[in-house]
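Here are my notes on charged side chains for you to check against the model. Please keep the structure open as you read.

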Amino acid sequence: EIYSLHVDCKVTSRFAHTVITSRIVNQANESREATFEVELPKTAFITNFSMSIDGEVYPGIIKEKAAAQNEYDTAVSQGQSAGLVKITDRKLEQFHVSVSIAAASKVTFELTYEELLKRQLGKYELLIKVRPKQLVKHFQIDVHIFEPQGIRFLETDSTFMTNELTEALTKVQNETKAHILFKPTVDQQKKNSELDETLLNGDFVVRYDVKREATAGDIQIVNGYFVHYFAPQEMPVFPKNIIFVIDRSGSMAGRKIDQTMDALLKILQDLRPEDHFNFITFNNKVMEWKSSLLPATEENVASAAALVQTLTARGGTDISGALLAAVGVLEKAEGLPERSVSMIVLLTDGQPTSGERNVEVIQENIQKAINGKYALFCLGFGFDVSYKFLEKMALSNGGIARRIYENADAALQLQGFYQEVATPILMQIEMQYPENSIQGLTKNDFKLFFEGSEIIVSGKISNELDLLPVEIKAQSHTSDLTLKEEANVKEKEQVFQNQKYVFGNFIERLWAYLTIQQLLEKAISVEEEDQKALEAQALDLSLRYSFVTPLTSMVVTKPSDQQQKELANKPTEAG
């Protein structure tokens, strides 16, 4: 029986540190398995895990993946254990460990993970999955938020709330801080008074955004590390020249093509009058809807909608031919707005089976053809795609890849993705800092900035710097911008000094988290020897800051009478 389950989450300036503690007692008069199962966001890194059984602590130890694998005993190398972490849905992965405990014994499991909350469509989202599978005497979720810029709005949302459960939820907030407490009694947790079934099953979500005044963003500094947040608002939107490249091969038949049609009809409605667009559909043949880009007038949108409704799926998959055709249309386009953003959005659910089939050749040809001029976004529908191939192609061409999960909400996933890239407001953004006084600077130049998102740059400041000057250069739809800001290092350090729930080196950990994420992302689209160097750097940081990343494993040790060691690895979308 789980007699206590506590989720304690501290968010300091978008960096979330979550500790989940579960206390279990064995009420039976013989030994039983105690299980600890937690779903955590895919974007998070596990940083700590331990089990305490009758006062004896068994810690998880983070090591380089290969070294951890070697430690692992032979029984496991023969494939008897599946590892402790697996992807469960589009946002979550599950950590699962069980241990056998004696009659009347108690075990405490504790898992810690960290993540940098990413601003999407104008808000940050903290997702806590709640699924105890039984009534819990002491159940509690605590979320503390501290945002020095000020909290602009804050909301909680849950998929399992009832009127009675709402009474167990309290929210206290002032200008810069918020505390959300959810503490339902056993009676409030029950589905009904007769049965011992729990209502607590689903998502508990906190969404918020911060206030923004400074034009050149906001700088925060702790212990010599800085983070710079930049999210300009109310800027004119660049017109888009967008080509949708849609797979209509046989495997798309049925629900997938229907959901794609639903999403495209809504996306067409969202095009702005100053946008230009075209459709290319493909199976083993590539069909261009029109030979050139058309302005998104009401007539053209209606005519495109009529085409979308006739989409049928059969035949093979010529990804290469379709993408090269899209590049061709953009190359010969005339009369487009002078300052505009050109993008290609590919949606496919399979491997290339027609035309050029070698993924390396396709990647090379597409990169040559695009030549840095257009952004390529790749959406992989379901699990038959080579996600690695799509991800590499998108990241090599200034875009991103996303997997669309084959659920009832696939059309919403597609629309959600479009909304994220629908409003480009800046291009060629350069974030400049004094070169000789900053070390370990994270990525500081960005091709595109979309409204509702946020640029984050972090680094280490050398000791003798009193003022940190910042200069941002970018192109907006109407002009070339230069924004300047200066941060007083001592004053900025002061902001976090007396905050009791700020863990001291959080900006340093934020810097490490961001650097690892960026090194791993960069490694996807470079040559093999460069890849090794980037991964070595990411591994070094993962070990130094104790993060379970795709390059490290956590070895979980158990009492001597049980299978001794298990491994927790970080799964990736590309598998």
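1. Start with Glu39 and Arg131. Their side chains meet in a salt bridge, with N to O at 3.5 Å. (A salt bridge here is a side-chain nitrogen of Lys or Arg within 4 Å of a carboxyl oxygen of Asp or Glu.) The pair links distant parts of the chain, 92 residues apart. Glu39 sits in strand β3, residues 32–41. Arg131 sits in the loop between β9 (124–130) and β10 (138–146). Helices (H or I, at least four residues) and strands (E, at least two) are DSSP runs, numbered from the N terminus.

2. A word on the source. This is a predicted model: local features need pLDDT of at least 70, side-chain atom pairs count only at pLDDT 80 or more, and totals for chains, interfaces and linings use all residues. Residues are numbered from 1 along each chain as its sequence is written, and side-chain values use heavy atoms, with hydrogens and water left out.

3. Is Glu39 buried or exposed? Glu39 counts as buried because its relative accessibility is 10%. Arg131 has 37%, so Arg131 counts as partly exposed. The cut-offs are these: buried is under 20% relative accessible area, exposed is over 50%, and partly exposed is in between (1.4 Å probe, protein chains only).

4. Next, Glu197 and Lys191. Their side chains also form a salt bridge, at 3.6 Å from N to O. Glu197 is partly exposed, at 40% relative accessible area. Lys191 is exposed, at 52%.

5. Which residue pairs with Lys373 in a salt bridge? The partner is Glu331, and the closest N and O atoms are 2.9 Å apart. This pair links distant parts of the chain too, 42 residues apart. Lys373 is in the loop between α8 and β22 (375–381), while Glu331 is in helix α7 (residues 319–331). Lys373 is partly exposed at 46%. Glu331 is partly exposed at 41%.

6. Some salt bridges share partners. They join Arg14, Arg119, Glu147, Arg152, Asp209, Arg212 and Glu454 into one network. A search of the whole structure finds 34 salt bridges.

7. Finally, look at the surface. Glu360, Glu364, Glu527, Glu529 and Asp530 gather there in a patch of negative charge. (Patch residues have over 30% relative accessible area and no salt bridge; like charges are joined within 9 Å, nonpolar side chains (Val, Leu, Ile, Met, Phe, Trp, Tyr) within 5 Å.) Helices α8 (359–370) and α13 (528–544) each give two or more residues to the patch. Glu529 lies in helix α13. Glu529 counts as exposed because its relative accessibility is 61%.

Definitions and conventions
Areas by Shrake-Rupley, 256 points an atom, 1.4 Å probe, with all protein chains shown as cover. Lys, Arg positive; Asp, Glu negative; His and termini not counted. Charge placed at Lys NZ, Arg CZ, Asp CG, Glu CD.
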